[in-house]
Amino acid sequence: MATAEITLDSDIQSDTLALVKSSILNKGGTQALLDQTTGLNKIIFTATTNVILLDSSAAGVGKAAKVYIANKSTDSSEYVTITINAQIIGRLYAGDWMFIPWSQSDAAGNIELAPSVATALPVEYMTIHEGLTPVSA
Amino acid sequence: MATTTAQLVITSTDLLSDSLSLSAISTLTTAGTSTGVTQTTGLSRKTTASTDQYTIYQGDYYTNDKAHKIYLKNLSATAAEFFTVTIDDSPMGRIYAGDWAFIPWSAAGGVLAAFTVTFAATWATGDTFAFDGITTTLADTETTVALVDLIKNKKFPNWTVVETSASVVTFTSKNSNYLGLIEIGTSSDDAVSTTAGNGTGTVARTVTAVASASDIKITPSVGTAMTLEHMLFHE
């Protein structure tokens, strides 16, 4: 069983925010547990080229995969631009992370990443999923 | 300075042979700086009642290419129920019952349509100018200058209006996703003028709309009540 917990603390508002939510990572529409993962990956990018970080596959269409991506840079000006299905989602600046559902709606549902700098920019990522289609040799 | 932190902990003892205990914590800062974000929508809830698509956050209202972050959680307790999260028209994924997501957001807004209406000749008592559900009716025969004054003081739900010159008003859409062509006439669906005299209103499009490209939308899987909890931290 895998669980994902988020804690959000903020004093932006007069009423401080202290939100803690935990979810058990289940397969889509069931209480069966997600049981596959890519494991935690780390890549140090040295070019600003937009690359496919996670390749959408038929086995994942309409499923309940989760994706974690973190920009591990310590330079606050450095960011990575995250795209899905050719649509920009947003930027992860140094230290930022994201945790999103990924239903791989079609073959074009790749998750892509473009670093803002060509100097070494480290990124960690992982998906916990129901199945990916291996690429034929 | 406001401080906002977001921490993720993913744990599993049986997904892999080695226990997983991943922790990531970030202080939410404005783009490219060490300054904390200072604005938020606050924690909100949206209960849906159909399988229509709902827009949760619209790119028009936030500065693009910043370090905005969105929190979403499906509060349903029925495992089969999910929201499909879409950015513009691209599906991102499904958040099933109990699932949550934390998403960076570029907030790329669109271009708001704008057009002018140039009034001329004489507008008589009882003449009307109707647009966006708001009708301006003349109580007396008016000059075009007075007509412009009457119109610019109206509140239009989907458009803002300003006086461009003595006889001209400019309407600007509040929503870039309105892409229609505004036409004036006595039977148009858009701007309608009804004149007993010889008054005219000539429409000229000045800005062509470009739809927002990054609205955050959700589509519930069922038409019965489902609730999404959501929050945006923004610049």
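**Strands, contact and core**

Mentor: In chain A, β1(A) and β2(A) run antiparallel and are joined by 8 bridges, where strands are DSSP runs of E of at least two residues, helices are runs of H or I of at least four, both numbered from the N terminus, and two strands pair if DSSP finds at least two bridges between them. Within that pair, A:Thr3 stands opposite A:Ile24 in β2(A).

Trainee: Before we go on, what kind of model is this, and how is it numbered?

Mentor: This is a predicted model, in which local features need pLDDT of at least 70 and side-chain atom pairs count only at pLDDT 80 or more, while totals for chains, interfaces and linings use all residues. Residues are numbered from 1 along each chain as its sequence is written, and chains are lettered from A and ligands numbered from 1 in the order in which they are written.

Trainee: OK, how many helices and strands are in chain A?

Mentor: Chain A has 0 helices and 11 strands, and its C-alpha atoms fill a box of roughly 45 × 40 × 25 Å along the principal axes.

Trainee: And what does β1(A) pair with in chain B?

Mentor: β1(A) is joined by 9 bridges to strand β1 (residues 4-12) of chain B, and the two run antiparallel; as one example, A:Leu8 has B:Ala6 in β1(B) as its bridge partner. The open sheet that includes this pair has 4 strands in the order β2(A)-β1(A)-β1(B)-β2(B), with antiparallel pairing. β2 of chain A and β2 (20-27) of chain B stand at the edges with a single partner strand each, so one side of each has no neighbour in the sheet. From one strand to the next the twist averages 10 degrees, based on lines fitted to C-alpha atoms (for helices over the stretch in contact), with angles running from 0 to 180 degrees between N-to-C directions.

Trainee: How many residues does each chain put into the contact?

Mentor: Chain A gives 50 residues and chain B gives 57, counting two residues as in contact if their C-beta atoms, placed from the backbone, lie within 7 Å. On the side of chain A that touches chain B, β1(A) gives the most, with 9 residues. By class, that side of chain A has 23 nonpolar, 20 polar and 7 charged residues; Ala, Val, Leu, Ile, Met, Phe, Trp, Tyr, Cys and Pro count as nonpolar, Asp, Glu, Lys and Arg as charged, and the others, Gly among them, as polar.

Trainee: Switching to A:Phe99, is that residue buried or exposed?

Mentor: A:Phe99, which lies in strand β9 of chain A, is buried, with 22 other C-beta atoms within 10 Å. The cut-offs are 20 or more other C-beta atoms within 10 Å of a residue's own for buried and 12 or fewer for exposed, with partly exposed in between and C-beta atoms placed from the backbone.

Trainee: Which residues does A:Phe99 touch?

Mentor: Not counting residues up to four places away in sequence, A:Phe99 touches A:Ala4, A:Lys66, A:Tyr68, B:Leu8, B:Ala101 and B:Phe102.

Trainee: Which residues touch the most other members of the largest nonpolar core?

Mentor: Of its 67 residues, A:Tyr68, A:Ile69, A:Met98 and B:Ala101 touch the most other members, a nonpolar core being a set of buried Ala, Val, Leu, Ile, Met, Phe, Trp, Tyr and Cys residues joined through C-beta atoms within 7 Å. Apart from that core lies another of 16 residues, among them B:Phe129, B:Leu138, B:Val169 and B:Ile182.

Trainee: Back to chain A, how do β7(A) and β8(A) pair?

Mentor: They pair in the antiparallel sense over 6 bridges, and A:Thr81 has A:Arg91 in β8(A) as its bridge partner. In their hairpin, which has 2 residues between the strands, A:Asn85 takes a positive phi near 50 degrees. β8(A) is mostly covered, with 6 of its 7 residues buried.

Trainee: Last one, how is chain B divided?

Mentor: Chain B is divided into domain 1 (39-109 + 213-234) and domain 2 (114-207), with bounds that come from an automatic or database domain assignment. Taken over C-alpha atoms, 36 Å separate the centres of domain 1 and domain 2 of chain B.
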